[in-house]
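Thanks for coming. I will take a few minutes on one structure and on how its parts meet.

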Amino acid sequence: MSFTVVIPARYASSRLPGKPLAMIAGKPMIQHVCERAAESRASRVVVATDDARIEEACRGFGAEVVMTSPNHASGTDRLEEVARKLELDADHRVVNVQGDEPLIPPALINQVAENLELYPEAEIATLCERLHDARQVFNPNVVKVVFDARGMAHYFSRAPIPWARDFWPANAPAVDVDLPDGVGYFRHIGIYGYRASVLRQFVTWPPAPTEQVEALEQLRALYNGARIHVDIAERPPAAGVDTEEDLARIRALLEAGGRYV
């Protein structure tokens, strides 16, 4: 079964405006992302943007572009518009790859797409990696996930889950703590595969209470009964570009001929 990669790319960014067009090793960043996606087993790679400058740059290196509304409340809304415009079948798989990840391993794109085929009860697939540092577990900027034996997500949270009631003191993390043996703690990695049918449903659902309090959009899907499959990433993902420092680091790597695979 084939799948489509959709790469949302916005010009506006509070920390790094215009970052999809930032030049890295002679190419705009969005071109690097498209090239990584094209190395996956996707049958189609599409850039979704609401900005004419990004559209022009993408068409310049031969990418397929779908122009989307500038008024979307979330990235999932933008993805749904693309799926609708492309008239994708309900069971067609759509993988969302962020436009600021020029080092994304193609293997991770394949992994989430393949898991939707392996687990037909799941409408969404995503990835995680094991945490070994308690400071990361207690960091609210690191999203944690708990899942069952088949990898179906129970919950995503900024809080440390599961809470080690009989292992951590009540004032953790104000004091240094360790992670209990035999319990896995996992960081969510923000790459998603969707069936087109769940995208159509998602845009009709109002924000969930848990989504609003945690500021995690995937909780809307769980709240409405959609099943999310979570797998441990085949390899650690590279960091994306959020700041000038990130951009400088990736420029140095790629301009020196290096590559994250």
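How many residues of domain 1 are in contact with domain 2, and how many of domain 2 with domain 1? The count is 17 residues of domain 1 against 14 residues of domain 2. Please keep in mind that this is a predicted model.

First, the division itself. Domain 1 covers 1-100 + 240-260, and domain 2 covers 105-189 + 201-237. Between the C-alpha centres of domain 1 and domain 2 the distance is 24 Å.

Next, the area. The size of an interface is often given as the accessible area lost when the parts come together. Here about 1,300 Å² is buried between domain 1 and domain 2. Carbon and sulfur atoms give 61% of that area.

In the salt bridge of R93 with E117, the closest N and O atoms are 3.4 Å apart.

Which elements supply at least two residues each to the side of domain 1 that touches domain 2? They are β1 (3-8), α1 (29-38), α3 (75-85) and β6 (93-96). With 4 residues, α3 gives the most to that side of domain 1.

As for composition, the side of domain 1 that touches domain 2 has 7 nonpolar, 4 polar and 6 charged residues.

That is where I will stop.

Definitions and conventions:
Residues are numbered from 1 along each chain as its sequence is written. This is a predicted model: local features need pLDDT of at least 70, side-chain atom pairs count only at pLDDT 80 or more; totals for chains, interfaces and linings use all residues. Side-chain values use heavy atoms; hydrogens and water are left out. Domain bounds come from an automatic or database domain assignment. Contact means heavy atoms within 4.5 Å. Buried area is the accessible area (1.4 Å probe) that two parts lose on being put together, summed over both. A salt bridge is a side-chain nitrogen of Lys or Arg within 4 Å of a carboxyl oxygen of Asp or Glu. Ala, Val, Leu, Ile, Met, Phe, Trp, Tyr, Cys and Pro count as nonpolar, Asp, Glu, Lys and Arg as charged, and the others, Gly among them, as polar.
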